[in-house]
Amino acid sequence: MNVALSVARKDLQIEWRTRMVLARVVPFALLVMVLFAVALDSEPLVLRAAAGLVWLATLFSTMLVVQRAFDIETADAAIDTLLACAVHPARVFFGKALALFVQLFALVVVLVTAAMVLYGVTVSGSRVVLLVTVVISATSGLALVGTLYGAVVANMNGRDSLLPLLALPVLAPLLIGASRATEAAFGSQTIDMANGWAWVGLLGVYGIVFGAAGSAAFSPLTESDS
Amino acid sequence: MHTATTAAPGAAARTGTRTTRVIGVLALATTAFVVVSAFFLTPADSVQGDSVRIMYVHVPTAWVAYLAFITTAVASGFSLARRHRTLGFDRVAGASGEVGVLFMAMTLLTGSLWGRLTWGTFWQWDPRLTTTLFLFVTYVGYLAVRRIDTDPRQRARRSAVIALLAVLEIPLVHFSVVLWRSLHQEASVLSPDGDVRLDDLMLFTLFAGVAAFTLIFAWLVIHRQRLTALADIRQTVGLDAAIALRRSETRGVVK
């Protein structure tokens with residue numbers, strides 16, 4: 001487990017020193033939120049769609065963060081060196097997923113705040129608990145799938161367009177679940193709290209399935225032939 | 001050796017064998033029967049009229065697409081497990097994936113044409129339709145990875161992982177879409193084939209269609225994977241020949 005923590009700390013340290021997420025991804029995600037509002041051009045409609053828009057903006061941003069997370073590994077074949085240290089690939093997988101989780105969690109917090117300010121969303125009372133649970137479970141799933149598919153396309157030509165093509169269909173259940181549960185937490189008329197919690201269950205199953213798949217698949221994905 | 005390959009290029013480059021020719025003839029014969037029966041022998045449906053005839057293509061292509069994706073997953077599993085034969089299984093997985101995408105496109109196309117005639121709309125956000133669409137996009141991505149020019153063994157491993165993940169993804173997508181739809185609207189869509197009553201000839205034609213498309217699938221996959229194998233050999237042979245040529249040139253210069 002120490003290995004996973006060191007890998008996560010390494011990734012977060014690199015982010016802290018380069019501030020790629022802070023300087024480019026967060027502004028990009030906020031811009032997407034603004035553009036959604038402009039495109040929909042109706043305050044009730046934006047409020048109604050707020051939950052889905054937050055997660056859609058997160059999904060797009062995840063693609064950028066994942067690219068970055070694996071570009072730092074494949075440049076100078078850093079990951080080969082890392083794996084040559086007799087480190088279990090699954091631990092590297094969970095380490096990278098943890099670093100991704102921390103970054104995406106911060107991003108989602110910013111975006112939910114933006115939804116409150118820009119879209120007029122309000123969250124009160126027990127709904128806060130649901131919201132926090134949804135954000136944690138959905139972001140975990142996003143980090144695990146992101147890390148897995150980041151490894152699939154790492155070092156490939158055209159990876160920047162391949163990653164969304166491969167990862168977004170897989171993330172569809174997560175988008176559906178997170179959007180509906182967040183809608184419940186935002187106090188929507190169409191979906192109640194109980195249903196919101198049911199969706200959290202789906203997000204949990206999703207995270208476990210892809211966590212297991214990722215830890216199993218990371219070894220054949222990162223193996224090098226040369 | 002060089003003259004041997006140029007003397008009989010046809011014999012070396014052929015992908016057909018006795019087995020594939022038998023499969024091909026059977027596929028043609030069953031397809032011919034399905035065409036005649038679907039258009040002329042079977043009756044029009046009492047409710048759907050002539051549009052029911054789309055079923056003879058729609059159902060078999062859907063079945064073959066699923067068969068193809070299962071084949072891809074199984075071959076991918078073997079390609080990861082049997083290290084010494086990775087590329088052989090990888091070729092089968094790739095060939096089957098290509099045919100699967102083609103047939104799934106036909107399923108979606110014929111389905112939406114039928115939907116336009118029967119439901120009055122090309123598309124419904126029905127769980128089954130939505131899942132099929134995601135499945136289709138997933139395998140389009142799979143084929144995109146297969147086209148990447150990189151080390152063949154690495155590409156084989158990565159595309160095998162994608163094919164196996166697709167198997168995990170589909171039940172999750174389907175379950176979430178079912179849950180999503182059930183929360184938002186009651187099933188407003190007719191079950192695509194639930195209400196259709198079939199007489200014996202219609203049922204037989206449908207099964208003949210499944211048989212015909214399965215044979216076509218087998219024929220295409222066998223040829224396609226042999227073609228890929230030949231292309232791989234050609235690439236290696238071509239590289240060896242080019243290296244030999246350069247070497248002989250250098251020798252000439254040194255002399």
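A polar contact here is a pair of N or O atoms within 3.5 Å, and within protein one of them must be able to donate a hydrogen and the other to accept it. Keep that in mind for the first exercise, and remember that this is a predicted model.

**Exercise 1. Describe how chain A and chain B meet.**

Step 1: Start with who takes part. Chain A brings 32 residues to the contact and chain B brings 30 residues.

Step 2: Now look at the area. About 2800 Å² is buried between chain A and chain B, and carbon and sulfur atoms give 73% of that.

Step 3: Check for polar links. Between chain A and chain B there are three residue pairs in polar contact, with both residues at pLDDT 80 or more. Salt bridges across this interface come to zero.

Step 4: Find the helices on the chain A side. α6 (127-153), α7 (159-185) and α8 (193-222) of chain A each supply at least two residues of the side that touches chain B. The largest share, eleven residues, comes from α8(A).

Step 5: Sort that side by class. The side of chain A that touches chain B has 26 nonpolar, two polar and four charged residues.

**Exercise 2. Follow D232(B) to its salt-bridge partner.**

Step 1: Which residue pairs with D232(B) in a salt bridge? The partner is R91(B), with 2.9 Å from N to O.

Step 2: Over all chains, the whole structure has twelve salt bridges.

**Exercise 3. Track down the largest cavity.**

Step 1: Count first. The structure holds three cavities of 30 Å³ or more, and the largest cavity has about 80 Å³ of space.

Step 2: Name some of the lining. Among the residues here are D11(A), E15(A), R68(A), K96(A) and Q103(A).

Step 3: Assign helices. α1 (2-18), α3 (43-74) and α5 (89-119) of chain A each supply at least two lining residues, and α5(A) gives the largest share, four residues.

Step 4: Sort by class. The lining of the largest cavity has five nonpolar, one polar and four charged residues.

Note on methods:
Residues are numbered from 1 along each chain as its sequence is written. Chains are lettered from A and ligands numbered from 1 in the order in which they are written. This is a predicted model: local features need pLDDT of at least 70, side-chain atom pairs count only at pLDDT 80 or more; totals for chains, interfaces and linings use all residues. Side-chain values use heavy atoms; hydrogens and water are left out. Contact means heavy atoms within 4.5 Å. Buried area is the accessible area (1.4 Å probe) that two parts lose on being put together, summed over both. A salt bridge is a side-chain nitrogen of Lys or Arg within 4 Å of a carboxyl oxygen of Asp or Glu. A polar contact is a pair of N or O atoms within 3.5 Å; within protein, one must be able to donate a hydrogen and the other to accept it, and residues adjacent in sequence count only if both atoms are side-chain atoms. Ala, Val, Leu, Ile, Met, Phe, Trp, Tyr, Cys and Pro count as nonpolar, Asp, Glu, Lys and Arg as charged, and the others, Gly among them, as polar. On a 1 Å grid over the protein atoms alone, a cavity is a set of points where a 1.4 Å probe fits but cannot get out, and a pocket is an open set with protein on both sides within 12 Å along at least five of seven lines; lining residues have an atom within 4 Å of a point. Grid points are joined across faces, edges and corners, and a volume is the space filled by probe spheres set on the points.
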